[in-house]
Amino acid sequence: MSTLIKWRDGAASAYADPFVSLADDELAPDGDVIVSFARFQAEGDLLLGQHRRVGVRVCPDDPVEALAYDLPRIAVVALVFPKFRDGRAYSTAMVLRTRLGFTGELRAVGEVLREQAAFMIRCGFDAFEPADGTDADQWGRAARRFRHVYQRAADDREPAFVARLAR
Amino acid sequence: MYRYDDIDKDMLADRAAEFRAQCARRLAGEITEEQFKPVRLMNGLYLQLHAYMLRIAIPYGTLSSAQMRALAHVARTYDRGYGHFTTRTNLQLHWIKLRDAPDILDYLATAGLHAIQTSGNCIRNLTADPLAGVAADEVDDPRIWAEVIRQWSTFHPEFSYLPRKFKIAVTGAREDRAAIRIYDIGLRLHRGEEGELAFEVLAGGGLGRMPYLGPTIRRSLPVRHLLSYLQAILRVYNRHGRRDNIHKARIKILVASLGAEEFARQVEEEWAKTDKAAVDLPDTELARVRAAFAPLGFQSLPRVSTVFEAAKSEDRAFARFARNNIIAHKTPGYAVVKIALKTPGETPGDCSADQMDVVAGLAERYSLDEVRVAYEQNLILPHVRLDDAPAVYKALADAGLATPNIDLISDIIACPGLDYCALANARAIPIAQDIARKFAEPDLAETIGELKIKISGCINACGHHHVGHIGILGVDKKGEEFYQLTLGGSGADDASIGQILGPALPADRVTAAVDQLVGVYLRERQGEERFLDTFRRTGLHPFKEAVYVDAH
């Protein structure tokens, strides 16, 4: 089991990851698994019927809206960053959280770097597999570096235009 | 003008602190240049041919005199005593040391300045009509909306890793002085049928390798929904813009490939699903920003100034300056004084630290503490009393800043080119200097009239060559610098992309070719025609014949 950073109530902590991320040609072992978007569409019902939690790995090209009716049964959506520069997953995360009402774990996988911590959290990610060796402490500090935000996103931070009303 | 409050200041301080920590990691060797690169780019720090270049944002081209002094201080202390104003109304310092960068950002932050989002694939520094709040043809002040967008786009979590850079321009006037058709998004304020304030929204304009003029995707957007609509555009682009080819990643390619109608339909569909109330600003915040731009400190003055009129009749040099560099202000008794950073023989857009201090002093004393930067790489003192104009002129002349050539042939836009830039194929500055020297004689320049020459050292088109009346593009031909000329471009209301004149010319033929083009214009022009008008009437033929006559 690999280490996973989770963001809960404004703090980052390391957890053992109970999920196994499967390749498409890999047989599913017992226990919690994360499968590709295509495999979930083919085998989702079967896997979910086997007393386990199931996550879906969504690549930037996958049409995430097609998951809408399955979201309540999906424990983890793992959004893939093929390159840190590929920012499509930020929009996917926003759509999942603010439009499709996904309340499960939203995990960032792929080229996930410390510099992106705050942006990811703001877009609704709450679990991370950093590719740059960042530990939970460093992740938390990077995420909290800015005292204010200017716009509303998928988190509960108060934007500047609201904070100003109280001043 | 808008003054940063505690929240805005905290933002800059936090950003500077973050960058200091990142620089320390780089200087200690904890991260590689490759890992550091995106971080420094997000702070406006480029590695160029000879040194680091710092690009400082000047949001919608507006500076207080204190901010101008801060720029002078940085140029003097950390660079070689000068800076370069760009077509995006930023200031570039070309000789920066990495170890100084955190100190520079700290210092700039104390003056409400920064280099945030002046690079990277994010929403870049905003530009607006340089005559905002000044021009009589304005329906609303575009700075209000530019500041609203500046805040919304700063560290936007969803839109900081777009397929490519993203630039927005705003105008509130009938005449487009912000070149909104060559922007990723262009916004034009107007009044709807019932008098309500609305935006015309253009998307998918841009220059570079494949120039496009942005089509209108929505005629009339209620202003209160600006941010939710921008979010919808950016979201469609972020999800569907190409990422496989850097040359096809700008929004213009997405809009062109889908067609403006289909792109607009997708934006509308996204917008319809958007929780607008969560994104759009409450009226209280819009009112707060609006109040910051309310005109303040104007006196009640007669429309005509006897001091100004007398100075014009007594001093021919001042009269010429007034003709070319001073325009009307909407407030009676006031004028807009344009400062051309285009002394023939000098680098277009360059300004010394001492000159910045002079401009700051004049702004403080004579222009309600305000300076503007125009995309033509010039400065503007926006609120000068006509009575004070002669004194302002004298001070500018003493500082070498009174070149009377606004919009004339020697008021040339040029990017830094191969003298500085790692992307360039050819030099732009020496070409600009040579042409400006050729037409330095003011009577000749005035006889030729409005003629906008724009020079880019490569196809990225930072010098806007596509929309120059005469555009000049540097190209590399087997290791030699050649220049391709285009005619008939315009970035104004009558926007158009220039047509290629003929085969590229060697560097030593460019000025002569411009002279030949001007000769054709002076021969062919009818009545009050500008160069552009004559070209549009006659077409390419007579111009082409004159320049390539030897080739026949």
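Which residues touch the most other members of the largest nonpolar core? I found A:Ala93, B:Ile233, B:Ile339 and B:Val359, in a core of 221 residues. Core here means buried Ala, Val, Leu, Ile, Met, Phe, Trp, Tyr and Cys joined through C-beta atoms within 7 Å; buried means 20 or more other C-beta atoms within 10 Å of a residue's own, with C-beta atoms placed from the backbone. Helix α6 (residues 226-240) of chain B gives this core its largest share, nine residues.

Bookkeeping: the model is predicted, so I note that local features need pLDDT of at least 70 and side-chain atom pairs pLDDT 80 or more, while totals for chains, interfaces and linings use all residues. Residues are numbered from 1 along each chain as its sequence is written, and chains are lettered from A and ligands numbered from 1 in written order.

Next I checked B:Val359. Leaving out residues up to four places away in sequence, B:Val359 touches B:Met68, B:Ile339, B:Val371 and B:Leu379 (contact: backbone-placed C-beta atoms within 7 Å).

Then the interface. I get 26 residues of chain A in contact with 30 of chain B. On the chain A side, α2 (88-99), α3 (117-122) and α5 (160-163) each give two or more residues, and α2(A) has the largest share, six. Helices are DSSP runs of H or I, at least four residues, numbered from the N terminus.

Last, a helix pair: the axes of α15 (residues 429-438) and α17 (residues 507-524) of chain B come within 10 Å and cross at roughly 35°, with axes fitted to C-alpha atoms over the stretch in contact and angles running from 0 to 180 degrees between N-to-C directions.

Methods. Two residues are in contact if their C-beta atoms, placed from the backbone, lie within 7 Å. A residue is buried if 20 or more other C-beta atoms lie within 10 Å of its own, exposed if 12 or fewer, and partly exposed in between; C-beta atoms are placed from the backbone.
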